[in-house]
Amino acid sequence: MELDSFDRHILTILQGANTTPQRLIGEQVNLSAASVHRRITKMEEQGVIQANIAVVDPAQVGQRITVIVEVELASEQIDLIDEAKKSFYYAPEVQQCYYVTGETDFILIVSVSSMEDYELLTRRLFLAIRM
């Protein structure tokens with residue numbers, strides 16, 4: 001999808017506050033609310049807008065510890081990489097996952113409530129797959 005300046009401005013507003021009423025977005029970008037609605041719908045259908053989410057304060061929900069984890073796989077076999085990705089995807093503690101180049105294969109951003117929970121997570125994630 002080709003994005004014009006209106007689309008980009010709409011996206012900037014939505015990324016700052018995705019609950020902004022379309023009427024207010026329209027006022028900011030000089031379009032009607034109906035036009036803003038059509039553009040947002042099209043961007044959702046085309047996959048430009050992938051999700052509307054809420055960003056949660058980890059401390060407010062008991063996840064007080066953030067850990068950055070480097071993961072190195074034993075080998076770079078495609079099935080092992082896919083298994084690791086799937087494992088990380090389905091672990092709710094894994095907030096972000098990056099598949100990177102170099103000696104490290106993945107970098108994970110993990111949120112847990114205690115170091116004990118982190119240890120349990122590492123056992124579940126790293127012993128469950130053939131790293």
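Analyst: What follows goes through the helices one by one and then turns to their packing. The model is predicted.

Start with α1, residues 5-16. Aspartate 4 caps its N-terminal end. A side-chain oxygen of aspartate 4 lies 3.0 Å from the backbone nitrogen of phenylalanine 6. The length of α1 checks out. At 1.5 Å a residue, its 12 residues should span 16 Å, and the end C-alpha atoms are 17 Å apart, which agrees.

Now the sides of α1. Asp7, Ile10, Leu11, Ile13 and Leu14 are its buried residues. Their arc around the axis is only 165°, which puts them on the same side of α1. The general rule is simple: an α-helix has 3.6 residues a turn, so residues three or four places apart point the same way. The face of α1 turned away from the buried side carries the exposed residues Ser5, Arg8, Thr12, Gln15 and Gly16. The buried residues of α1 pack against α2 and α3.

Next comes α2, residues 22-29. Here Ile25, Gly26 and Val29 are buried. They cover an arc of only 100° around the axis, so they sit on the same side of α2. Arg23 and Glu27 are exposed, on the face of α2 turned away from its buried side. The buried residues of α2 pack against α1 and against α3, residues 33-45. Asparagine 30 follows α2, and its phi is positive, near 65°.

Then the packing of α2 with α3. Their axes are 8 Å apart, at an angle of about 100°. The two helices are therefore roughly perpendicular to each other, since angles of 65 to 115 degrees count as such. On the α2 side, the contact is made by Gln22, Arg23, Ile25, Gly26 and Val29. On the α3 side, Ala33, Val36, His37 and Ile40 take part. Two residue lists meet here. Ile25, Gly26 and Val29 are buried in α2, and these three also belong to the contact with α3. Arg23 belongs to that contact too, although Arg23 is exposed.

Alanine 84 lies in helix α4, residues 78-89. Alanine 84 is buried, because its relative accessible area is 0% and the cut-off for buried is under 20%. Alanine 84 and phenylalanine 126 are 42 residues apart in sequence. In space, their C-alpha atoms are 8.6 Å apart.

Terms used:
Residues numbered from 1 in each chain as written. Predicted model: local features only at pLDDT ≥ 70, side-chain atom pairs only at ≥ 80, totals over all residues. Heavy atoms only, no water. Helix = DSSP H or I, 4+ residues; strand = E, 2+ residues; numbered from the N terminus. Buried < 20%, exposed > 50% of the residue type's maximum accessible area, 1.4 Å probe, protein only. Arc of directions from axis to C-beta. Contact = heavy atoms within 4.5 Å. Expected span 1.5 Å × (residues − 1). Polar contact = N/O pair within 3.5 Å; in protein donor to acceptor, adjacent residues only side chain to side chain. Axes fitted to C-alpha atoms, helices over the stretch in contact; angles between N-to-C directions. Parallel < 35°, antiparallel > 145°, perpendicular 65-115°, else oblique.
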